[in-house]
Amino acid sequence: MINEKITLNQAIFSIILFCFGSSVIIGISSTAKQDTWISIVLATLLAIPVFLMYARMIKLFPEKNFFEIAETVLGKVAGKIVSAFMIWYAIHLAALVLRDFGEFIQVFDMPETPKLPITILLTLTTVYLARSTMRSIGKWSVVAICFVLSIVLLTFATSIHQMHFDNLLPIMEATPVQIIKSSCEIVAFPYGESVVFLCVADSFHKENSPYRTFLFSLAIVVFVFLAVFVRNLALLCTSMVNISYFPSYIAVRIIEIGDFFARIESSISSNFILAGIVKIAVCLLAAGKGIANLLGLQNNQIFVLPAGMLALALGSISYRSIMEMFLFLDYYMYYAFPFQILIPMIVWIAAEISTKKQKKRELASPPVGDSP
């Protein structure tokens, strides 16, 4: 098989861009209004044990993906059932990001262009990248992360003179229930979506610490999310952020640098495209690996294109309008909970039990060469 092992930096940058995905353009949950920054911090704390669980599974079974681990610790039948659920989630997540991309381009850049041609082009691009293995996705991430982070820092720095930081006040106006609910939404979207990386974990070098990979990625992501939220709220206001479908684009649209450089909102579109490509490609690669494992085949590349076509079709029929798309976000955390928390937790517990039993058998068996 093709060597598709990725370096530590490639793994970290891939997770960062995956978390950015559509979050950079759609924005962070605004249920808590100006107190959303508290929800982001709380969500990050809640996400730490989730990421540690993902890392622990990879540590227990290095260079194996979620589908292989599930069959090893749960048995073939139960393992394939669990794998089928994760394949569905990977394809559906790819479909949601494709639809986000299509809606954004149609609303702001090409209002006269149908969504289908746009999403077809993105699907073909991501299918090509996913078929080129996880190593290619990692290399793309290394290049893209420099541009994405530069744009975030540039838009923040150049808009400081236009910011109204009193928009962040008063603090703790939202109720604890609203803050906690907003935190749970952020854990589900986007932190918990990183569960898809378990499905491509066989691409991680076993010498690289999965704990460092996930936690370092989380630290960078929360820093960027806080910067993006503060920028958007300080440039706009609570009401404007709440009613905007794409607050990051609206906020950057009003930035002016002197009298000669204005309307730099196209940079936000570029960020969305670069990060969105990584997110969709990882989802399609995960689905391809899962389908191949389900059928007992070695070559997963042949299933990436069918998974992409299914995601394209599913994204096209998921919602009737952009309003339905954003309405679904209110219920997404309930839908995603089994895939992001429940199923991985079951497999993780089974993996811990299986590992302990294996160690006991090794201790009980006599050393090789000893006489009975």
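Guide: Let us begin with a pair of helices: the crossing of helix 3 and helix 8 is right-handed. The model is a predicted one, in which local features need pLDDT of at least 70 and side-chain atom pairs count only at pLDDT 80 or more, while totals for chains, interfaces and linings use all residues. Residues are numbered from 1 along each chain as its sequence is written, and side-chain values use heavy atoms, with hydrogens and water left out.

Visitor: What makes a crossing such as that of helix 3 and helix 8 right-handed?

Guide: A crossing is right-handed if the near helix is turned clockwise from the far one by less than a right angle, and left-handed if the turn is anticlockwise. The crossing of helix 3 and helix 8 is of the right-handed kind. Helices here are DSSP runs (H or I, at least four residues), numbered from the N terminus.

Visitor: Why are helix 3 and helix 8 called oblique to each other?

Guide: The axes of helix 3 (residues 36-60) and helix 8 (residues 176-188) cross at roughly 55° and come within 8 Å. Such axes are lines fitted to C-alpha atoms, for helices over the stretch in contact, and the angles run from 0 to 180 degrees between N-to-C directions. Angles under 35 degrees count as roughly parallel, over 145 as roughly antiparallel, 65 to 115 as roughly perpendicular, and the rest as oblique. Helix 3 and helix 8 are therefore oblique.

Visitor: Which residues of helix 3 and helix 8 meet?

Guide: From helix 3, Ile-38, Ser-39, Ile-40, Leu-42, Ala-43 and Leu-46 meet Ile-179, Ile-180, Ser-182, Ser-183, Ile-186 and Val-187 of helix 8. Contact means heavy atoms within 4.5 Å.

Visitor: What makes helix 1 and helix 9 oblique?

Guide: Helix 1 (residues 8-20) and helix 9 (residues 210-235) pack at about 40°, with axes 9 Å apart; they are therefore oblique to each other. Their crossing is right-handed. Among the residues making the contact are Leu-8, Ile-12 and Phe-20 of helix 1 and Phe-214, Ile-220 and Phe-225 of helix 9.

Visitor: How is helix 1 placed against helix 7?

Guide: Helix 1 and helix 7 (residues 133-158) have axes 8 Å apart and pack at an angle of about 65°. This crossing is left-handed. The contact includes Phe-13, Leu-17 and Phe-20 of helix 1 and Met-134, Val-142 and Leu-149 of helix 7.

Visitor: How do you know that Phe-189 is buried?

Guide: Buried means under 20% relative accessible area, exposed over 50%, and partly exposed in between (1.4 Å probe, protein chains only). Phe-189 has a relative accessible area of 14%, so it is buried. Its place is in the loop between helix 8 and helix 9, where it touches Ser-22, Ser-23, Ile-26, Gly-27, Lys-279 and Tyr-332, not counting residues up to four places away in sequence. A cis peptide bond joins Phe-189 to Pro-190, with omega about 20°. Another cis peptide bond joins Leu-169 and Pro-170, with omega about -5°.

Visitor: What makes Glu-63 partly exposed?

Guide: Glu-63 has 32% relative accessibility and so counts as partly exposed. Glu-63 lies in the loop between helix 3 and helix 4, and its phi is near 60°, a positive value in a residue other than glycine.

Visitor: Is Thr-133 buried or exposed?

Guide: With a relative accessible area of 8%, Thr-133 is buried. Thr-133 is found in helix 7, just after helix 6, and takes a positive phi of about 80°.

Visitor: How do you know what span is expected of helix 6?

Guide: The expected span is 1.5 Å times one less than the number of residues. Helix 6 (residues 115-131) has 17 residues and reaches 24 Å from first C-alpha to last, close to the 24 Å expected.

Visitor: Why are the buried residues of helix 6 placed on the same side?

Guide: The buried residues of helix 6 are Ile-118, Thr-119, Leu-122, Thr-123, Thr-126, Val-127, Leu-129 and Ala-130. They cover an arc of only 160° around the axis, so they lie on the same side of helix 6. The arc is that of the directions from the helix axis to the C-beta atoms. The face turned away from this buried side carries the exposed residues Leu-121 and Tyr-128.

Terms used:
Helix = DSSP H or I, 4+ residues; strand = E, 2+ residues; numbered from the N terminus.
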